[in-house]
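Please read the points below beside the sequence and the model.

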Amino acid sequence: MILKSFQVLNVLPAALLLAGLSPVVSAQSGTAPADLDVLRVQGNIYMIAGAGGNITVQVGDMGVLVVDTGLAADSGKVIAAIRKISTKPLQYIINTHFHPDHTGGNEAVRKAGVTITGANVTGNLTDARQGAQIIAHENVLDRMSAPTGKESPTPPDAWPTETYTAGQKEVYFNEEPVQVIFQPAAHTDGDSLVFFRHSDVISTGDIFVTTSFPFIDIDHGGSIQGEIDALNRIIDIAIPKHEEEGGTYIVPGHGRICDEFDVVEYRDMVTIIRDRVQAAIKKGMTLEQIKAAGYTKDYDARYDTKARIGGADSFIEAVYKSLTKKK
Amino acid sequence: MLNVRRLPLVIGLLALPACAQFAGSFTSVGALDLSGNWTPVIMEDQPERIPGPELVNYSGLPITEGARLWAESWDASRLTLPEHQCQVHVAPYIYRGPLNLRIWVEKDPQSQQVVAIKQYISTYEQTRTIWMDGRPHPSPNAVHTWMGFSTGKWEGNVLTVYTTHIKQGWVRRDGLPESDRATLVEHFIRHDNHLTHVSIVTDPVYLTEPLIKTQDFLLNLQEGQNWLYPCEYVEEVSGRPKGEVPNYLPGQNPFLHEYADKYHIPLEAALGGAQTMYPEYQLKLQKEMAAAKK
């Protein structure tokens with residue numbers, strides 16, 4: 001039975017779906033035991049929500065590739081959800097950035113996978129098969145590890161096993177070209193967009209979210225201009241099918257499945273607030289004055305989490321610090 | 001704007017809580033057939049619907065302060081950006097414009113039960129599916145569309161439709177936003193060859209109370225014209241820096257007073273808000289304007 005895009009595929013009712021029963025099961029129906037929401041996006045791509053950051057899953061004859069692994073505490077549920085989608089070997093993990101709500105499950109999910117090696121490393125090198133590969137920008141490895149002799153913030157088994165430093169990393173898997181595209185100094189200093197070219201889906205990590213203002217991690221190399229450039233890059237790649245709708249679908253770092261126009265509205269908001277802060281700085285206003293001016297007020301009811309991550313105050317502060325940073 | 005002649009009917013429909021309106025199973029008993037081609041009757045709110053609303057005319061709309069600020073920073077030139085040129089009026093707004101509307105029914109071939117009522121709206125070539133088979137609305141994480149996800153049921157001879165998963169759009173096309181958290185309840189009421197469409201928009205982000213509007217249609221026995229609306233973006237402003245988003249900085253919208261000055265009404269009235277929807281606001285304005293003259 002072929003499911004249409006976006007029909008909700010909850011973890012538990014998957015067997016019912018395969019048995020040809022009702023293809024539409026609401027996530028609000030309370031039947032998902034793992035509290036995870038599993039949705040088919042389109043083509044070979046699924047989205048798992050509810051385990052921290054969104055997880056993108058690509059499945060096919062060759063195996064399973066996942067983008068991000070969610071929180072460590074939810075890895076058991078995540079692995080179970082992936083296994084409901086496909087029982088093929090989990091071969092690749094791609095990390096969009098280093099934050100623990102996106103990489104926390106690396107260790108467990110990697111161990112649930114396998115590396116299919118070439119003939120020249122078979123034989124007695126049995127450990128070469130253990131665990132899936134983890135691909136990320138070099139800066140993700142830097143953030144997750146530590147120099148020799150110092151304590152690492154994450155266990156070595158969670159670290160990226162294959163990194164790239166500029167441009168993009170290319171993977172061809174499940175009859176699909178997958179581009180891992182570096183976006184410098186955006187949400188962090190190690191962000192990657194992951195573009196599934198055949199399925200026509202972009203997984204954005206936290207460059208784009210629908211649940212809050214952008215969290216620009218200035219302390220770890222993020223910047224407002226990099227964030228805007230990255231959003232515009234997503235818009236450049238995405239092609240709508242009809243009247244600014246459909247076509248390329250976007251899996252955000254947090255929140256719902258989107259298409260290009262959703263990113264456009266978000267890009268507009270981020271750019272407009274950047275313009276306001278920039279004008280205020282030119283007028284000589286201080287950070288506190290800018291925060292008090294209410295420059296996000298038209299978006300607060302939609303995006304302000306009132307927390308450090310995704311809150312209006314921290315967003316304004318990040319924009320201010322980005323724009324006043326000495327070059 | 002609500003037509004006061006239909007107020008009792010609308011109030012009666014509104015009196016039903018949303019959950020009651022959608023509880024219970026599908027029934028087609030007593031349902032009218034809405035099938036056919038329908039042409040809008042645009043006397044009601046004509047200045048807003050055909051020439052288009054004037055800039056900074058937010059009167060009669062229950063908008064939040066945030067919505068007002070959003071609209072004040074909106075520069076109409078934003079519509080010249082390639083990615084905005086083909087943006088569609090969302091379901092709660094699309095019936096306001098000039099359009100041809102075709103309605104038909106899709107039935108299960110085995111049981112002849114109605115599965116869905118479909119609508120084709122010529123403006124922007126939008127197809128709406130109103131599911132009548134009792135299916136639930138999808139997960140909040142599912143994609144949002146211009147027309148949203150709709151389920152319907154017959155309440156007597158009134159087709160009541162509930163829509164979620166609508167993209168961000170606008171409440172009025174002079175920049176007043178409607179968020180992607182808005183939901184829509186509609187009533188389609190047929191009287192012979194006349195169709196009344198009542199829409200009730202609830203938006204927790206940009207409206208302080210539900211916005212109720214009506215639109216009317218006449219059955220058109222001819223096939224009609226203008227069913228197509230192909231949209232392809234072009235470069236409208238050459239040399240614009242990449243990533244630029246036209247907007248007015250706070251306090252710098254040059255059109256802020258234009259509408260109010262043209263019609264000699266206080267700016268406060270032009271800037272809208274729930275109080276400007278109600279008849280008693282006219283009395284308040286008259287008093288304030290008389291006091292100002294003294």
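**Notes on the predicted model**

1. Chain B has nine helices and 11 strands, where helices (H or I, at least four residues) and strands (E, at least two) are DSSP runs numbered from the N terminus. This is a predicted model, in which local features need pLDDT of at least 70 and side-chain atom pairs count only at pLDDT 80 or more, while totals for chains, interfaces and linings use all residues. Residues are numbered from 1 along each chain as its sequence is written, and chains are lettered from A and ligands numbered from 1 in the order in which they are written.

2. Of the 294 residues in chain B, 38% are buried. A residue is buried if 20 or more other C-beta atoms lie within 10 Å of its own, exposed if 12 or fewer, and partly exposed in between, with C-beta atoms placed from the backbone. For contacts in chain B with a separation of 6 or more, 62% are between residues 24 or more positions apart; a contact requires C-beta atoms, placed from the backbone, within 7 Å.

3. Strands β1 (residues 36–41) and β2 (residues 101–107) of chain B run antiparallel and are joined by three bridges; pairing requires that DSSP finds at least two bridges between the strands. Here B:Trp38 has B:Leu101 of β2(B) as its bridge partner. β2(B) also pairs with β3 (residues 114–121) of chain B, in the antiparallel sense and over seven bridges. B:Ile103 is bridged to B:Gln119 in β3(B). The hairpin of β2(B) and β3(B) has six residues between the strands, and B:Gln112 takes a positive phi near 60 degrees there.

4. Between the chains, 35 residues of chain B are in contact with 37 residues of chain A. On the chain B side, α4 (65–72) and α5 (82–85) each supply at least two residues. The largest share of that side, three residues, comes from α4(B). By class, the side of chain B that touches chain A has 16 nonpolar, 14 polar and five charged residues. The classes are nonpolar (Ala, Val, Leu, Ile, Met, Phe, Trp, Tyr, Cys and Pro), charged (Asp, Glu, Lys and Arg) and polar (the others, Gly among them).

5. Chain A contains 10 helices and 13 strands. Its length is 327 residues, of which 53% count as buried. Among chain A contacts between residues at least 6 apart in sequence, 61% join residues at least 24 apart.

6. How do α7(A) and α10(A) cross? The crossing of α7(A) with α10(A) is right-handed, meaning that the near helix is turned clockwise from the far one by less than a right angle. The axes of α7 (residues 260–282) and α10 (residues 312–324) of chain A come within 10 Å and cross at roughly 55 degrees. Axes are lines fitted to C-alpha atoms over the stretch in contact, and angles run from 0 to 180 degrees between N-to-C directions. The two helices are therefore oblique to each other, as angles under 35 degrees count as roughly parallel, over 145 as roughly antiparallel, 65 to 115 as roughly perpendicular and the rest as oblique. Residues in this contact include A:Ile273 and A:Val277 of α7(A), and A:Ile316 and A:Leu323 of α10(A). The contact divides into seven nonpolar, two polar and one charged residue.

7. A:Asn54 lies in the loop between β2 (45–49) and β3 (55–59) of chain A. A:Asn54 is buried because 31 other C-beta atoms are within 10 Å. Leaving aside residues up to four places away in sequence, A:Asn54 touches residues including A:Met47, A:Val251 and A:His254.

Technical notes
Two residues are in contact if their C-beta atoms, placed from the backbone, lie within 7 Å.
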